[in-house]
Amino acid sequence: MKKLNKLTILIPCRNEEKGIGRVIDDIPRRILKKLGYKVEIIVINNNSTDKTAHVALKRKAIVITETKKGKGNATKAGFRALNPDTVFVVMIDGDNTYKSKEIPRLVELLASDFCDAVIGSRLGGKIKRNSLKFQNRVANWTYTFLVRQIYRANVTDVLSGYFAWKKEVIDKLYPHLRSEGFEIEMEMITKMKKLGFDVYSVPITYDPREGESKLNKFRDGALILYTLFKNLLWNPNRNLKKVSWEGIKGYEYN
Ligand SMILES: Nc1nc2c(ncn2[C@@H]2O[C@H](COP(=O)(O)OP(=O)(O)OP(=O)(O)O)[C@@H](O)[C@H]2O)c(=O)[nH]1
Ligand SMILES: [Mg+2]
């Protein structure tokens, strides 16, 4: 029998009991298996006061705990939990806005060696009614325009939470990541470009969220913009000596 490659799906969650079940249930396991992947699901739970962990564990996901608040901290904890045999990594939100059944669309670009990392694009895809607020759309157009011009990144949605990477990209990127909150995505995109990775977008569907938003549009919007400009001065070689690679720590089970 053909050996299956491991595809790890990271789902950062804080109080997402309303969405996480659907996100996990809709992962197209059979299709992914046919494509040659063995699926592993890691939910990064963060101070949830609801049944997020329970819902995820019931579906046989691995649930790890990150006590430090923020999507950036959760994402980095997810990266540390990756095992060396993972080939591709997907990150998707737990609020059922991005559709997990579209995972094969992102992974195909990696499998065919079209690029090293993929961003699921809402602006280039299907935005369902009441899912992306007008002001968020305007901020996204503006930030995406700036990243395209300044970093020469041919991407069409820099505020997306839907990503796929070849595992070796994470190995090189992780030691450079500093973000604690929602600026993590901007940090990853700008640093991936500076590290010389090929990043493109694929159109995806975006639905209204289940449960409550964790985003503060003023504070997080400003921090994301600051990250965009700050990383202009970032030089991977100059910073290389200062970073320490924490290595793969394996799994923590709840
Ligand atoms: N583990 C963890 N996850 C978080 C934290 N903050 C946000 N998240 C998760 O990150 C994902 C994105 O957060 P959202 O609140 O949906 O932010 P958004 O998608 O930019 O904004 P919405 O349009 O309101 O959905 C969700 O799955 C959240 O549960 C956190 O502190 N810890
Ligand atoms: Mg969301």
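Reader: With which side chain does the side chain of Asp-207 make a polar contact, and at what distance?

Author: This is a predicted model, in which local features need pLDDT of at least 70 and side-chain atom pairs count only at pLDDT 80 or more, while totals for chains, interfaces and linings use all residues. Residues are numbered from 1 along each chain as its sequence is written, chains are lettered from A and ligands numbered from 1 in the order in which they are written, and side-chain values use heavy atoms, with hydrogens and water left out. Asp-207 lies in the loop between strand 7 (199-206) and helix 9, where helices (H or I, at least four residues) and strands (E, at least two) are DSSP runs numbered from the N terminus. A polar contact is a pair of N or O atoms within 3.5 Å (within protein, one able to donate a hydrogen and the other to accept it, and residues adjacent in sequence counting only if both atoms are side-chain atoms), and the partner of Asp-207 is Lys-128, at 3.4 Å.

Reader: Is Asp-207 buried or exposed, and what is its relative accessible area?

Author: Leaving aside residues up to four places away in sequence, Asp-207 touches Asn-96, Thr-97, Lys-99, Lys-128 and Ser-131, contact meaning heavy atoms within 4.5 Å. Buried means under 20% relative accessible area, exposed over 50%, and partly exposed in between (1.4 Å probe, protein chains only). Asp-207 is therefore buried, with a relative accessible area of 16%.

Reader: Within what arc do the buried residues of helix 9 fall?

Author: Asp-220, Gly-221, Ile-224, Thr-227 and Leu-228 are the buried residues of helix 9. They line one face of the helix because, with directions taken from the helix axis to the C-beta atoms, they fall within an arc of 125°.

Reader: Which elements pack against the buried residues of helix 6?

Author: In helix 6 the buried residues are Asn-140, Tyr-143, Thr-144, Val-147 and Tyr-151. Their arc around the axis is only 105°, which puts them on the same side of helix 6, whereas the exposed Phe-134 and Phe-145 sit on the face turned away from that buried side. The elements that pack against the buried residues are strand 5 (117-127), helix 8 and helix 9.

Reader: How much of the area that ligand 1 exposes when taken alone does the protein bury?

Author: An oxygen atom of ligand 1 lies 2.7 Å from a backbone N or O atom of Pro-12, and an oxygen atom of the ligand is 2.5 Å from an N or O atom in the side chain of Ser-213. Taken alone, ligand 1 exposes 630 Å² (Shrake-Rupley method, 1.4 Å probe), and the share of that area buried by the protein is 93%.
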